[in-house]
Amino acid sequence: MKTAEIIARDLKNLGHPQLFGSRAMSTREVIRGFDPSLQIGTQISATTDWDFSQQHSELLHSYLIDSGFTSYSKEELGAYADDLTAGVYIKEYHPPFDWKHLTIYSSDEVVTVNIVLHTDEALFRRVWSSITPEFYYKYLWKRSPRYKLLESSETKERIREVMNQLYRAANA
């Protein structure tokens, strides 16, 4: 079974969590001259991580652990966890090993899937769907030129605060 098929099977078993992040944003339509497929999509490769979101539950938490995902609690995530993040679950998918040809693969071929479980998935999805590609590019994307000179932890803190402000505004 190919890596993409294995990932698809895992996602189906999770109840089809929603794709978000740069992969999702890069497919949105051009708005006011900002083309996300050029600004964001050109920096996405076959092995760029896949980010998915879903409502947190203890059952889903247990299923992800049992399925080989590594769990990171909100406390472990530190600056990266916004107000709605309950935890992040990460799994690496390595290309299938070919015993017949003894194929060696590089780390460049490993695909990472991140599942973010939220305490209020409905609010997250409402906020996510309202974000324009240009806003994402400027304020929420880790590769934004705005964050180029910052340390990773400071970038994460700034992104977290922007997301938290968006959640508060959506609840106002």
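How many nonpolar, polar and charged residues does the lining of the largest pocket have, by class? I shall come to that after a word on the model.

This is a predicted model, in which local features need pLDDT of at least 70, side-chain atom pairs count only at pLDDT 80 or more, and totals for chains, interfaces and linings use all residues. Residues are numbered from 1 along each chain as its sequence is written, and side-chain values use heavy atoms, with hydrogens and water left out.

To the opening question, then. The lining has 15 nonpolar, six polar and seven charged residues. Here Ala, Val, Leu, Ile, Met, Phe, Trp, Tyr, Cys and Pro count as nonpolar, Asp, Glu, Lys and Arg as charged, and the others, Gly among them, as polar. The volume of this largest pocket is about 670 Å³. A pocket is an open set of points on a 1 Å grid over the protein atoms alone, where a 1.4 Å probe fits, with protein on both sides within 12 Å along at least five of seven lines; lining residues have an atom within 4 Å of a point. The volume is the space filled by probe spheres set on the points, which are joined across faces, edges and corners.

There are 28 lining residues, and F20, D51, Y80, L140 and K142 are the closest to the pocket centre. At least two residues each come from β4 (85-93), β5 (111-118), α6, α7 and α8. Helix α8 gives the most, with five. Helices (H or I, at least four residues) and strands (E, at least two) are DSSP runs, numbered from the N terminus.

Let us turn to the helices. Helix α6 (residues 121-130) packs on α8 (residues 152-171) at about 100°, the axes being 10 Å apart. The two are therefore roughly perpendicular, a term for angles of 65 to 115 degrees; under 35 counts as roughly parallel, over 145 as roughly antiparallel, and the rest as oblique. Axes are lines fitted to C-alpha atoms, for helices over the stretch in contact, and angles run from 0 to 180 degrees between N-to-C directions. Contact, meaning heavy atoms within 4.5 Å, involves L123, F124, R126 and V127 of α6 with M163, L166, Y167, A170 and N171 of α8. By class, that is seven nonpolar, one polar and one charged residues.

Helix α7 (residues 133-140) also meets α8: their axes come within 10 Å and cross at roughly 135°, and the pair is therefore oblique. F135, Y139 and L140 of α7 touch I159, V162, M163 and L166 of α8. This contact has seven nonpolar, no polar and no charged residues.

Finally, the sheet. Five strands form an open, mixed sheet in the order β1-β2-β5-β4-β3; strands pair if DSSP finds at least two bridges between them. Because β1 (18-20) and β3 (70-73) stand at the edges with a single partner strand each, one side of each is left without a neighbour in the sheet. Strand β2 (residues 50-55) runs parallel to β5 and is joined to it by six bridges, with S53 opposite V116. Eight bridges join β4 to β5 in antiparallel fashion, and V88 also stands opposite V116 in β5. Across β2, β3, β4 and β5 lies helix α4 (residues 58-66), running at about 165° to β5.
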